[in-house]
Amino acid sequence: MRLLASFLLLLAGACSPLGDTPQTAAIVSPILTTEDAKDPFTFAQPEVARVTHVALNLALDFDTQTVAGSATLDILAADDADTVILDSNGLEISGITDEGGAPLAFTVGDAVEGKGSPVTVSIDGTRQITVVYSARNAEALQWLAPQQTAGGKHPYLLSQGQPTLNRTWIPTQDSPGIRQTWEARIIAPEPLTVVMSGLVMGEPVAAGDGKRAFTFKMDKPVAPYLIAIAAGDIVFKELGPRSGVWTEPVMLERAANELTDTEKMIDAAEKLYGPYRWGRYDMIVLPPSFPYGGMENPVMTFLTPTFIAGDKSLTGLVAHELAHSWSGNLVTNANWADSWLNEGTTSYFENRIIEELYGARRANQEAALSFAEMEKTLAEEGVTNPITQLHLPPDLAIPDGGASGIIYDKGAVFLRTVETIVGREKFDAWLESWFDRHAFQPATSAMFLADMRENLVKGDAALEAKLMLDEWVYQPGLPSNAVRPDPAAFAEVDAAAAAYAASGTVDPAAWAKWTAAERQRLLAKLPRELNDQQLAALDRELGLSKTGNNEVLFLWLELALENRYDPAVPAAEKFLSTVGRRKFVAPLFEALMEQGAWGPPIAKRIYAKTRPTYHAVTQGTVDKLVM
Ligand SMILES: [Zn+2]
């Protein structure tokens with residue numbers, strides 16, 4: 001299909017940079033057409049015909065684990081476009097019609113590994129199509145039995161769309177560079193409540209047969225992976241004038257207490273990088289099978305309950321998801337080669353929010369933990385390995401493919417380095433202006449660097465040389481100008497770890513007053529080989545297997561399993577049976593699988609039992625390790 005010049009002009013002219021509420025037509029966000037912005041993981045040809053708005057009308061069936069109904073798509077197409085191509089994966093499509101209800105011809109192409117199947121629809125002049133379909137056992141959706149919830153009485157549904165899973169329950173163009181507004185009407189059985197990553201449009205209404213219909217709307221164009229749903233026996237508690245938390249009734253007080261700083265975090269984030277543009281900031285604390293720490297679904301951050309420690313020591317997770325309201329949701333990586341634009345920028349921003357709220361000491365400690373994660377990844381992968389580039393080369397730029405130590409942690413170190421070289425005030429002003437100039441639009445590494453050069457470096461050759469921008473983004477390893485963490489951040493705990501090698505003990509009184517970050521640091525710095533007596537003494541003196549902090553518990557279990565410590569197996573089994581967060585689950589199975597004849601039978605026995613309780617995201621990773 002030929003490109004029409006007028007079509008491209010239309011795209012540019014229709015863009016509303018601030019994403020104000022649409023009057024009649026949906027806001028249309030531009031698409032990028034440069035080679036580095038292309039997404040090989042979509043079948044869509046957005047330069048020919050693209051989806052601009054999705055209207056879902058779906059019913060949830062918990063018995064058959066099916067969503068069924070329709071998706072009505074608004075299409076923006078070149079005048080001579082004959083077809084629009086959608087992404088799908090496992091959808092059962094029974095028909096597609098035009099706005100008048102007349103059937104449209106369509107074909108479903110062969111499935112491609114990691115991509116699903118293209119749905120090619122003849123549009124022949126129509127600019128709105130309705131796909132009638134159902135999705136059973138969609139990978140994005142996890143249907144939980146009542147016993148997998150905290151309350152134990154009602155089933156639960158949660159979704160995870162990023163990176164390419166939403167095509168398993170929504171027939172649309174599932175690419176981060178093709179932004180869409182959306183609305184939804186969702187029917188669920190009573191007494192379940194439905195929430196989505198859009199604003200609630202009024203009270204639920206009776207839909208007959210013991211069911212209720214909930215309606216939602218997102219009037220800002222978003223990357224389609226950000227359409228999210230959860231349903232269960234959930235209740236709401238207000239946290240501030242524009243924030244609140246949803247969770248199961250038995251979790252509500254604990255969750256709300258952990259999140260009391262949310263409104264302050266939003267204020268801090270706005271002070272740093274400009275207005276919060278999404279209206280409300282609500283969160284849902286999910287059952288522990290949620291595969292990620294958090295997911296930045298707009299106006300409804302999804303959170304694992306494992307961040308609840310009782311002392312707000314792990315609320316960096318909330319700062320992270322909130323920061324995505326700028327880096328990731330407002331300005332979005334155009335494809336998966338540039339995930340670091342979402343995650344690295346957010347990890348940097350997260351640390352700035354932590355500094356604003358809790359002070360430099362905690363921020364420096366968390367930055368030092370992140371730096372150590374990066375160093376670990378560089379050591380494991382090798383400093384010449386292209387997987388350690390921020391911008392990933394095509395063969396490594398698969399969805400969910402980058403190493404977190406790079407796209408999160410090296411990305412954050414890059415921005416911290418630029419900040420240190422140019423000065424905080426100038427850097428902050430530039431980053432705010434970057435978000436502003438690219439609000440509600442996709443972006444690439446090349447655009448990020450070009451914008452930085454134009455608006456921050458401004459032709460200063462000496463500054464350009466100091467920054468080493470291309471080396472940071474396009475080369476593996478760590479550039480020589482990297483800003484290292486404050487050595488004072490962990491001075492005391494590093495000394496204690498060194499002393500342990502000589503004395504064999506850690507002072508429980510010192511441990512008791514350490515921060516969560518210091519405790520994590522100690523566990524990471526202890527000798528990796530310990531015998532049963534040493535492990536028993538550590539557990540007894542520091543209360544490791546009884547800690548309420550899941551990051552600390554995870555590090556303890558990992559250390560214990562790496563040393564084939566039998567007494568830790570029941571605790572590990574309990575943890576793996578209740579928590580589905582991939583960051584914890586995968587390394588523990590990996591630790592077991594690496595332990596000669598001892599670990600693999602234990603891993604296989606536990607996984608046979610726990611696999612059905614994990615989301616497809618976690619299953620996909622652990623399958624490769626254990627099966
Ligand atoms: Zn993130």
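Which residue in S7 is the bridge partner of Ala71? We'll get to that below, after a quick look at the whole chain.

## The model at a glance

What you have here is a predicted model, where local features need pLDDT of at least 70, side-chain atom pairs count only at pLDDT 80 or more, and totals for chains, interfaces and linings use all residues. Residues are numbered from 1 along each chain as its sequence is written.

The protein has 20 helices and 22 strands (DSSP runs numbered from the N terminus: H or I of at least four residues for helices, E of at least two for strands). Its C-alpha atoms fill a box of roughly 80 × 65 × 50 Å along the principal axes. The radius of gyration is 25 Å, which agrees with the value near 25 Å for a compact globule of 627 residues (taken over C-alpha atoms, with the rule 2.2 Å times the number of residues to the power 0.38).

Of the 627 residues, 48% count as buried. That label needs 20 or more other C-beta atoms within 10 Å of the residue's own; 12 or fewer makes it exposed, in between is partly exposed, and C-beta atoms are placed from the backbone. Among contacts with a separation of 6 or more, 71% come from residues 24 or more positions apart (a contact puts two such backbone-placed C-beta atoms within 7 Å).

## Domains

The domain assignment (automatic or from a database) gives domain 1 (5-233), domain 2 (326-474) and domain 3 (498-626). The centres of domain 1 and domain 3, over C-alpha atoms, are 40 Å apart. Four residues of domain 1 are in contact with four residues of domain 3.

## Strands

Now for the opening question: Ala71 has Val131 in S7 as its bridge partner. Strand S2 is joined to strand S7 (residues 128-136) by nine bridges, and the two run antiparallel. S1 and S2 make a hairpin with four residues between them, and Gln65 in the turn has a positive phi of about 55°.

Elsewhere, an open sheet of four strands has the order S8-S9-S15-S11 with antiparallel pairing (pairing takes at least two DSSP bridges between two strands). Its edge strands, S8 (141-144) and S11 (193-196), each pair on one side only. S11 and strand S15 (residues 229-232) share four bridges, and Val195 has Ala230 as its bridge partner in S15.

## Loops worth a look

Two peptide bonds are cis: Gln162 to Pro163, with omega near 0°, and Glu190 to Pro191, with omega near 5°. Pro163 sits in the loop between strand S9 (156-159) and strand S10 (180-189), while Pro191 is in the loop between S10 and S11.

Lys458 isn't a glycine, yet has a positive phi of about 50°. Its loop links helix H9 (445-457) and helix H10 (461-467), and Lys458 counts as exposed because it has 10 C-beta neighbours inside 10 Å. Met468, also not a glycine, has a positive phi of about 55°; Met468 is partly exposed, with 18 other C-beta atoms within 10 Å.

Trp326 lies in the loop between helix H4 (316-323) and strand S21 (331-333). With 26 C-beta neighbours inside 10 Å, Trp326 counts as buried. Setting aside neighbours within four places in sequence, Trp326 is in contact with Tyr273, Phe349 and Phe435.
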